[in-house]
Amino acid sequence: MSLPADSPPAGAVPGHAVPSHMVPAQRPEPRTVGPLTQTDIVRFAGAGGDFNPLHHDPEFAAAAGFGRPIAMGQLSAGLLSGWLTDWCGVENLRVLEVRFASPVAVGDSITLSCETLTVSEGPTGRDVIELELVARSGATTVVTARATVWAPAATHAMPVAARADRSGATIPERDPRDKPADI
Amino acid sequence: MGSTLGMLVDRVSFDVERGKIAEFARATFARDPAHTDRDAAALRGFEDVLATGTHVVVAGHQRDQQAVVRSLGLDLPRVVVGSTRWEYERPLVAGDRLTAVRSVVADETKEGKRGGRLRIVTLETDYLDRDGRCVLRQREVLIERGAA
């Protein structure tokens, strides 16, 4: 088989002419997640199945040379991926490559941002966008990534409410039972 | 130890489940309703909710990562994951059943930039759907510091 696909996936809306003012931005707006709690890390452990004690046991983390439990690299990768596909639609994701640069610890806030590298016309006339993404904790780069996506169609059929809240830089919804970790 | 090039690392099967999609989406702060609302997915032309881009991480529940590291002759405390790459043929939809076949595609030793030898093992996983089509390919690069 050949990857990635040379044509938009089933269900994708093929590219067609739209008024220029309706063409969405060629990249997502930055998002900040956090401060990450121990609960956030435990939730990801349950979701993904990574139960390495480095991620939830303060004594184990200390013995490994960390002041606090550290998050899984795949949690940061998932934050980047989710943020990217909230913008473009997961059906338009063709390639995502993440590189892990530094650990993320409980209490860190992660800021996700990106630059558009290239926009080119794909074989079906629909734009293909190459992006360089970065996740930072303060001034420290924790994950860098490259992504190739089909340009989200102007008709990208996300409900209006979901579109409206995407302008917010932070994620408001949290389980009220979540509390900062006692570490 | 000798190169492990070509070695089959593991093979696991799992269902792409609606509940697990929602759980993983929440855990990664993904907000697109197509992960949780069948109507939103239907508006985009899909029969059921769509998994997030890194959903196959959930195969961790089926895998024994420590046994894999041992079988590759790696020393777990010295191993870090350097990078992961996913290439998508189509999105994963609730109801998919996947078989993940993981093998070694590169096994190299080289001098680290900060001194010391590094062993770099690259694993590739083909995720096959019910029809045996590869819908997603994953590459993971494992780095062992201080390799002999």
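This is a predicted model: local features need pLDDT of at least 70, side-chain atom pairs count only at pLDDT 80 or more; totals for chains, interfaces and linings use all residues.
Residues are numbered from 1 along each chain as its sequence is written, and chains are lettered from A in the order in which they are written. Local features need pLDDT of at least 70, side-chain atom pairs count only at pLDDT 80 or more, while totals for chains, interfaces and linings use all residues, and side-chain values use heavy atoms, leaving out hydrogens and water.

**Exercise 1.** Find how many aromatic pairs the whole structure holds over all chains, and describe them.

*Solution.* Rings of Phe, Tyr and Trp (its six-membered ring) pair if their centres lie within 6.5 Å; planes under 30 degrees apart count as stacked, over 60 as edge-to-face and the rest as tilted. The search finds two pairs over all chains. A:Phe44 and B:Phe24 have centres 5.5 Å apart and planes at 50°, so this pair is tilted. B:Phe14 and B:Tyr127, at 6.4 Å centre to centre and 80° between the planes, form an edge-to-face pair.

**Exercise 2.** Decide whether B:Phe14 and B:Tyr127 are buried or exposed.

*Solution.* Buried means under 20% relative accessible area, exposed over 50% and partly exposed in between, with a 1.4 Å probe and protein chains only. By this rule both B:Phe14 and B:Tyr127 are buried. A:Phe44, at 1% relative accessibility, also counts as buried, and B:Phe24, at 0%, is buried too.
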